[in-house]
Amino acid sequence: MAIVSTTRPGVKRFIGVDFDLGSLRVAGPRYWAFVSLLFSLVALGVMAWGAALTEGGSVMAMRDDYPWGLWFANYMYYVGLSAGGLVVYASVHLFGAEQFKPLSRVAVLQAGVLVMLALLGIITDMERPARAVWMLLTPNPTSPFVYTGSAANIYMIICFIDLWILITGKGGEKLAFRMTLIALPFAIYLHTTTAFVLALNKSRELWNSAVMVPIFLTSATASGIALLLIVAYIMQHYRVLELTSSMFRSLATLLATVIIIDLFLLVVEMLTIYWPTAAKPGHTIRFSHFLTGEYAKFFLPVLVMGIIAFALLASRKNRHMPAIQITAAALYVVAIFLKRYSLMSMGFVVNPLGQYAPPYVPSLVEVLIALGLAALGVLMMTVAAKVLPLRVPEEEHEAEHRAAHTDAVAVGSLEAG
């Protein structure tokens, strides 16, 4: 593929996409200071990963009691966050939610970047990454990791192909619609198989629950929409996108709806654990560590922040206010991270031999790797906001509005006739 110069100064075309490299040259010092900070964090993450590769597991806090650590909590978190982008994108093509159309490119980009971060987290946990090839050559069909790992890879590729289609317009609305029909089942498959990594593990009692899959899906969707709402405000603030207040109100309404479903499922699970005639001793003992024990500092904020986030968005009077929307979204993004951390810990708080394990605290190396990956994701979004054409052209909106208006008039005429 050749890089082609366009008539616009500083814009290069590659694989049909116009990259506005000239905008980087005229970017202000604050932009480059932020990019430099992100590069520094990424470099620290790479150095920390280098330490893990050379020193082995001794620089990690993961031990026998906690064979999975921060990387796994982040894997669940990033995979979940990617759901919000797809929900918004799919709702445009499947349900005609045209108010989300200006956000579609950013939504797909966000989903692809987040799944990529989840996959990179798995690689950084491997002390011998080259051996991952054996997983591909000799997959174990009884391991859920085979399914969630392959689904994440395919889903990431689908997201970036979707983004290319949306930007170039190749195939028009018909191809975009068909890609949505492919992407949506894959997204559900990805989140389901990720939840099955926990739910199918019968030796870890709190994971082995039938409600694990639906609660994983609702948490993923809610946190993903919340993050997308925050990203949308940032993009609008820096004039990358022009978005309407009605779009934000619709997104906030959707977020409030999913939050209350997510909280409802969590309360149902807790009632099942503690109901006298339904409680299983193993579940009750383990969950009590998260309500009153050492783990409560991770789990109780999930409930508190979740309820506050919903309460803020529940009122129609306040839901349209940007400060309310951003506060509620930020609360739920943080709440779901703590929820993933707690979820990971629930399987290890008491081992299969009945021995209690104190809370896992990641080592500095693990934290730096996680920060480096997060910085890489923000860096990609920051550069993409400058370089990629993320704004949906106005004529595309107008054409769709005209088509929708024509269809409405035609339907009205038929009904009148």
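Which residues lie nearest the centre of the second largest cavity? They are L70, W71, T124, E366 and I369, among the 16 residues that line this cavity.

## Basis of the report

This is a predicted model, in which local features need pLDDT of at least 70 and side-chain atom pairs count only at pLDDT 80 or more, while totals for chains, interfaces and linings use all residues. Residues are numbered from 1 along each chain as its sequence is written, and side-chain values use heavy atoms, with hydrogens and water left out.

## Cavities

Rolling a probe the size of a water molecule over the atoms shows where empty space is left. A cavity is a set of points, on a 1 Å grid over the protein atoms alone, where a 1.4 Å probe fits but cannot get out; lining residues have an atom within 4 Å of a point. Grid points are joined across faces, edges and corners, and a volume is the space filled by probe spheres set on the points. The structure holds 4 cavities of 30 Å³ or more.

The largest cavity contains about 190 Å³ of space. It has 16 lining residues, and M212, I215, L266, L343 and M346 are the closest to its centre. Helices α8, α9 and α12 (322-346) each supply at least two residues of this lining; helices here are DSSP runs (H or I, at least four residues), numbered from the N terminus. The lining of the largest cavity has 11 nonpolar, 2 polar and 3 charged residues.

The second largest cavity has a volume of about 150 Å³. Its lining takes two or more residues from each of α3, α4 and α13. By class, this lining divides into 11 nonpolar, 3 polar and 2 charged residues. Asp, Glu, Lys and Arg count as charged, Ala, Val, Leu, Ile, Met, Phe, Trp, Tyr, Cys and Pro as nonpolar, and the others, Gly among them, as polar.

## Salt bridges

A search of the whole structure finds 5 salt bridges (a side-chain nitrogen of Lys or Arg within 4 Å of a carboxyl oxygen of Asp or Glu). One of them joins R13 to D18, with the closest N and O atoms 2.6 Å apart.

Another joins K101 and E173 at 2.9 Å, N to O. K101 lies in the loop between α3 (70-95) and α4 (104-125) and E173 in helix α7 (residues 172-199), so the pair ties together parts that are 72 residues apart in sequence. K101 is buried, at 2% relative accessibility, whereas E173 is partly exposed at 40% (buried means under 20% relative accessible area, exposed over 50%, partly exposed in between, with a 1.4 Å probe and protein chains only).

Terms used
On a 1 Å grid over the protein atoms alone, a cavity is a set of points where a 1.4 Å probe fits but cannot get out, and a pocket is an open set with protein on both sides within 12 Å along at least five of seven lines; lining residues have an atom within 4 Å of a point.
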